[in-house]
Amino acid sequence: MSRQPEFRPHRVVVLALDGLLPFELGIPHRIFGRPRDAEGRLLYDVVTCSVRPPGPVRTDADFAVQVEHGPEALATADTVIVPASYELGPVFEQGVLTGELAAALAHIRPGTRLASICTGVYVLAAAGLLDGRPATTHWADADRFQRLFPRIEVDPDVLFIDDGDVLTSAGVAAGIDLCLHMVRRDHGTAVANDVARRTVVPPHRDGGQAQYIHRPVPDPQQATTTSARAWALGRLHEPIQLRDMAAQESMSVRTFTRRFREETGVSPGQWLTQQRVERARHLLESTDRSVDQVARDAGFGTAQSMRQHLQSALGVTPTAYRRTFRAENDGARLSEGEHHRGSQKVSTARATRPASASAAALSKSSTG
């Protein structure tokens, strides 16, 4: 009789630096601290550490955070997350690590997944871990970040970028999108959607969605597109024309399209595709319907059309996605080498680098 492997939750270690933003610090704990498997076991173990021995870490508010773990905790991580901080000193001003920070990062094991929220990306960049790779940060910091780190492909317009073993997000609430994306990547949409419901946030905003929406809060004196979106979600399996969506709000197509983009950051067509991809993912995970039937129920019409959209958005075919992410297989992971940047596939061939190269980058970046 074969022995079942011992269950071990995925350990997420959050690196708390002086000047950290409390909201961003709390995001990983809120998102990763909720998912459970079918037996009720927590899928993640989340701890916070400092670059110093356990003790208080300053925030940008009028209180400090008592951190119970020192930098040694980084050696136990499967994923390390660096939230935003506004007291990064030489990291922010010159693009180099302090000796203390470099020593802390040296604890990270090769193969550990790395992620940053907002200005936490400066730490990964100063360590040399983003050279030649795509990354994002808060739109207000993007120009400065690009000047300081010219070897990085900075995209200031997206919510987050998944480049395989390194992920970066824009500011503030985009950190929620990034963490939900990682849960979705690790355990599928059903688990991620449950976390989103409990957190009272949208279950999915595509990484390629714009960071900055000119008018994110609709003017109460003007009509919105909320009813049209609800109407469309109820009939994704049917052909939906732009003029029909506009008619739900008694708007012209031109006015509706402008208002829709102002409220969501994407066009109606892009939004519909995102919703249909999400519907297809859910059906592939949770039902035994054929690929042809899933394509019809999600509104793609044909299996070929759905295959093209999933390949573009996720980098996998419907059959491969179903094989990897059936709802009962809570521990499944996306096939190695297939990740995505917003709706664009990014190969992990570029994302994987020898441990010695990372160590050399950390050493070179240190100010001692």
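In which strand is the place of Thr48? Thr48 lies in strand β2, residues 44-49. Strands are DSSP runs of E with at least two residues and helices are runs of H or I with at least four, numbered from the N terminus. The model is predicted, so local features need pLDDT of at least 70 and side-chain atom pairs pLDDT 80 or more, while totals for chains, interfaces and linings use all residues. Residues are numbered from 1 along each chain as its sequence is written, and side-chain values use heavy atoms, without hydrogens and water.

Thr48 has 14% relative accessibility and therefore counts as buried (under 20% relative accessible area; exposed is over 50%, partly exposed in between; 1.4 Å probe, protein chains only). Beyond its neighbours within four places in sequence, Thr48 is in contact with residues including Val14, Leu25 and His29 (heavy atoms within 4.5 Å).

The largest nonpolar core holds 35 residues. Such a core is a set of buried Ala, Val, Leu, Ile, Met, Phe, Trp, Tyr and Cys residues joined through side-chain atoms within 4.5 Å. Leu15, Leu97, Leu101, Val123, Leu130 and Phe145 touch the most other members. Elements giving two or more residues to this core include β1 (10-15), β2 and α4 (121-126). The largest share, six residues, comes from α4. A second, separate core of 34 residues includes Val14, Leu159, Leu167 and Ala174.

Elsewhere, two helices meet. Thr273, Val277, Ala280, Arg281 and Leu284 in α11 meet Met306, His309, Leu310, Ala313 and Leu314 in α13.
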